[in-house]
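Please open the structure in your viewer and keep the selection tool ready.

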Amino acid sequence: MLEILKHVTLLDTRPRTSRTVVLAVLCLATLTISLATTAINVTLPSLAVELDADNRDLQWIVDAYNLLFATFVLAFGSLSDRYGRKGALLTGLAIFGGGAVGASLAESSAQLIGWQAVMGLGAAFVYPTTLSILSNVFTDRADRAKAIGIWGATTGVGVACGPVLGGWLLESFWWGSVFLALALAAAISIIAASTVVTTSRDPQTPRIDYGGLALSVLAVGSLVYTVIEAPEHGWISAMTLGGFTISLALFVTLVFWERGRVEPMIDVTLFKNMRFTAASASVTFAYFALFGFIFLVTQYFQLVRGYGPLETGLKFIPVATSIAVGSLLGTLLAVRFGNKLVVATGLLLFTTAFLWIATLSESTSYLEIAGQMIPLGLGLGLTAAPATEAIMGAVPLNKAGIGSAMNDATREVGGTLGVAVIGSVYASLYASTLSDSPAAQELPAEVKSVVEQSVGAAATAAHQFAAAGDAQSAQTVSQTANSAFLDGLAAGSYVAAGVTAVGAVLAFLFLPAKPK
């Protein structure tokens, strides 16, 4: 105990300027990882042509990163507590950067999927480490809340600005330049972190919980993989239900294993603390909604409105800005008024935004769309940053790595669920609406089959008709597909609104007003 107190005291007496520089470096590393989460989205149409990637390939190009990230984040967060957080941060950035260089040189979709998995593995080291270092540097609650607000703003802005970076590079260079830019950012982060960040670890250095490590990897990995594959096999198929059953059994086994350990990797009794549990659930709801929104609106901008990659990216600036403002305000308000009120308000703003987004049409002005993005961005900021502060405040400083990893795991699972569930609802309604459309019935059977696959396939078919001089068929395909897409977008938005409304109720009921 004396050693822990001594360690904390040393951190508390650092000059404020030194702590500010450390925070800036941690935010740079976080921004690098956050950009990678969504920058790839605007390159997908190019990858379909350049790498001859089908829809299944494109899905896994995105999901390979998320799968490895979510699968290993708990294990790597625990290892960083034991072996040193600075070393884990540098290792993760090096793996991430190496994977990005490899991705830029990929010559097939299979190679790119593999390199995306490597990048996700590196990200699983970086994310929990940045937050755990931050929590050990800023030990006073008010200071830590402000720092987490800035960290949260960086995370959200990185996710929202990924399409801006990807769009600009794609129009200026080629798709591989997106990955080279991420590799460069990782290299700069390595240099800065090795210079500024001092290491910290759990002074108690417990023995490695190999069983907990293995079970956490298998449990989270099986859950995320099942969610990713569910739209392909069907949500009530034997494959999907079997996958969920296996993941549930693994999680139950993990809980019993950890409860029987003297030095567990995960202190499962944390979930008895509603500050921790309700905050974790709130992060899941928030990222479910955010990733679902990005999935839908990116397609809307590019395929329905016909915007280019860079223009599409720039359209996200309002949501990025409002995320930053909401994150900074959220933690400050949480310290003053409590997490319950702020987080519940954030989730209600999400609900309002999605009910408004459901009204999108082909003629909706961008000014109105920007207005829809503002409550959505504020909602994320007011939810995720204060909830993260609540999670980290409930975890002892010497366990900050695993606490941060649990926060990251809930975010990744929530985001993956958002894309899978909202994407599945959208795709189902898109296909059924288009199939029942009178205009679609007049199309040749082979054309109708292609158009029913996705709005992207419909856009390609429309271009082919136009190139062949058949303007009437091109217009029919385009209008029919866009109408079906908007029906699917509305349904997906209503699902997101329902989920965040439930989240708001749960946060209000179970999140403590003030931490004890």
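Select Tyr65 and Phe69: both are buried, where buried means under 20% relative accessible area, exposed means over 50%, and partly exposed lies in between (1.4 Å probe, protein chains only). The model you are looking at is predicted, so local features need pLDDT of at least 70 and side-chain atom pairs count only at pLDDT 80 or more, while totals for chains, interfaces and linings use all residues. Residues are numbered from 1 along each chain as its sequence is written, and side-chain values use heavy atoms, with hydrogens and water left out.

**Stop 1**

Helices here (H or I, at least four residues) and strands (E, at least two) are DSSP runs, numbered from the N terminus.

How many aromatic pairs does the structure hold? There are 13 aromatic pairs. Rings of Phe, Tyr and Trp (its six-membered ring) pair if their centres lie within 6.5 Å; planes under 30 degrees apart count as stacked, over 60 as edge-to-face and the rest as tilted. The ring centres of Tyr65 and Phe69 are 6.1 Å apart and the planes stand at 90 degrees, so this pair is edge-to-face.

**Stop 2: from helix 4 to helix 6**

Phe69 belongs to helix 4 and Tyr127 to helix 6 (residues 109–137), so the pair links distant parts of the chain, 58 residues apart. Are these two residues buried or exposed? Phe69 and Tyr127 are both buried.

**Stop 3: an aromatic cluster and two lysines**

Select Phe293, Tyr300, Phe301, Tyr307, Phe316, Phe350 and Phe354, which form one aromatic cluster. A charge sits over a ring if NZ of Lys or CZ of Arg is within 6 Å of the ring centre and within 35 degrees of the ring normal. For another example, select Lys340 and Phe508: Lys340 lies over the face of Phe508, at 5.4 Å from the ring centre.

**Stop 4: helix 14 and helix 20**

Select residues 339–357 for helix 14 and residues 471–510 for helix 20. The two helices pack at an angle of about 165 degrees, with their axes 8 Å apart. Axes are lines fitted to C-alpha atoms, for helices over the stretch in contact, and angles run from 0 to 180 degrees between N-to-C directions. Helix 14 is therefore roughly antiparallel to helix 20; angles under 35 degrees count as roughly parallel, over 145 as roughly antiparallel, 65 to 115 as roughly perpendicular and the rest as oblique.

Helix 14 passes helix 20 in a left-handed crossing. A crossing is left-handed if the near helix is turned anticlockwise from the far one by less than a right angle, and right-handed if clockwise. The contact of helix 14 with helix 20 has 18 nonpolar, 4 polar and 1 charged residues. Ala, Val, Leu, Ile, Met, Phe, Trp, Tyr, Cys and Pro count as nonpolar, Asp, Glu, Lys and Arg as charged, and the others, Gly among them, as polar.

In helix 20, pick out Gln472. Gln472 is exposed, at a relative accessible area of 54%.

**Stop 5: helix 9 and helix 10**

Select residues 210–233 (helix 9) and 238–259 (helix 10): the axes come within 8 Å and cross at roughly 160 degrees. That makes helix 9 roughly antiparallel to helix 10. The contact between helix 9 and helix 10 has 13 nonpolar, 10 polar and 1 charged residues.

**Stop 6: helix 5 and helix 8**

Finish with residues 85–104 (helix 5) and 176–196 (helix 8), whose axes come within 8 Å and cross at roughly 160 degrees. The crossing is left-handed. Within helix 8, select Ala181, which is partly exposed at 25% relative accessibility. The C-alpha atoms of Ala181 and Ala100 are 8.5 Å apart, although the residues are 81 apart along the chain.
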